[in-house]
Every structure is written in C-alpha cells, then in structure tokens.
Amino acid sequence: MADDQRDLAALEAARRALGGGGDNGVPAAAAPLQRQADQLASVGDWGPAAEDVNRRLLELDPQRKVAMTRLARCLREKGDAEAAEALYLEILALDPANMIASNFLRGLRRQRERAVADELEAAVVARKAAAATKKAESAARKEAAAAKRAETAARKAAATTDESAAAADDAPEAAVAD
C-alpha cells in the first residue's frame, strides 16, 4: 500500500510538472473525470467505480497512460490478470520507461510463475500419492494372496491329519481281523 501511495505521489508530481494530467494535460471535458479518478486512487479504491471512470477517460483519450495504469490496477485487483497484463504492455509500448507498468507487469509475471510452480508441485505430490496408494494396494493384494495360500495349506494339512487319524483308527481293526 505504501508503494501505491508513493506511485500516486509521483504521478501527481509529474502532473504538476507538466501542467495538467501527466500525459498531455487534461482536456476540459475530462477534468471532472480526472478529479474523480484522482480521488478514488488517493483512497485506494480500485473497484467498479474507478474502473468505470478510467475507462471513460480512455474513451476521451485512448493513449492516456495515467488512466491506462489505473485501469490496469483495477483489473488486477478484481483478478483479471490477463487484461491487466495486456494494458501494462500497451503502456510500456507507449512509454518504455514507465516504472509503474514495468513493476506491476513483473509482479503479475512472478505471480503467474508461482502459480505454475505450485501447480507442478501439486501434480508431483498427487503422482507420488497415487504411486504410494498403488504400492499399498499391491502389497495388500500380495498379503491377501499369501494369507489365502496359508489357509489352503492349513486346510490340506488338516485334511492329511484327518486322513492319517482315520487310517490309524482303521489299522487296529484290520490287525485284529487278521
């Protein structure tokens, strides 16, 4: 917020030095709009009213860098980073030394880079989680198969024991019968 106020103070000083609006003076028809835009910016209001006023200023003078900068800020604040970036690029095409546009454009690009990095990191984490889940499921299947084999072996052993016991029970009768 302090940087914004410093930027606004710099804009105001430039306006005074140029004797007008900071670009090419303020046409008489734009003076009330310019005052309203100045007032909204001075209180940090970048909402719909500020967007509307700056759009109207640009209708009167499409290359008015101050209005473009403020409109870009309004767009950025409402989350329309692409439109803000396009305006900052347009400002820099008109005025390559415009530090406000340059700084905000750099900030928007950093945000986009961070968002891409965050998305990539989330994708890696998701892939690792999916791999861990798959590994756990595979281990569970192997464990279930081993338990089934053990159960089958136990049944076979029990059946063999039962047959041996039955044979042992039958053996004394056969020996007695001889």
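**Helix H5**

I began with the buried residues of H5, where buried stands for under 20% relative accessible area, exposed for over 50% and partly exposed for what lies in between (1.4 Å probe, protein chains only), and I noted Ala84, Glu85, Leu87, Tyr88, Ile91 and Leu92. Viewed down the axis of H5, these residues fall within an arc of 160°, so they line one face of the helix; the arc is taken from the directions that run from the helix axis to the C-beta atoms. On the face of H5 turned away from that buried side I found the exposed residues Glu82 and Ala93. I recalled that an α-helix has 3.6 residues a turn, so residues three or four places apart point the same way.

**What the model is**

I kept in mind that this is a predicted model, in which local features need pLDDT of at least 70 and side-chain atom pairs count only at pLDDT 80 or more, while totals for chains, interfaces and linings use all residues. Residues are numbered from 1 along each chain as its sequence is written, and side-chain values use heavy atoms, with hydrogens and water left out.

**The whole chain**

I looked up the elements of the protein chain and found six helices and zero strands, these being DSSP runs numbered from the N terminus (helices H or I, at least four residues; strands E, at least two). Of the 178 residues in the protein chain, 26% are buried.

**Helix H3**

I then turned to H3, whose 13 residues reach 19 Å from the first C-alpha to the last, close to the 18 Å expected at 1.5 Å a residue; the expected span is 1.5 Å times one less than the number of residues. Its buried residues are Ala50, Glu51, Val53, Asn54, Leu57 and Leu58. They cover an arc of only 165° around the axis, which puts them on the same side of H3. The buried residues of H3 pack against helix H2 (31–42) and H4, whereas the face turned away from the buried side carries the exposed Pro48 and Glu59.

**H3 against H4**

I checked how helix H3 (residues 48–60) and helix H4 (residues 65–77) pack, and noted an angle of about 150° with axes 9 Å apart; axes are lines fitted to C-alpha atoms, for helices over the stretch in contact, and angles run from 0 to 180 degrees between N-to-C directions. Among the residues that meet, with contact meaning heavy atoms within 4.5 Å, I listed Leu57 and Leu58 in H3 and Leu71 and Leu75 in H4.
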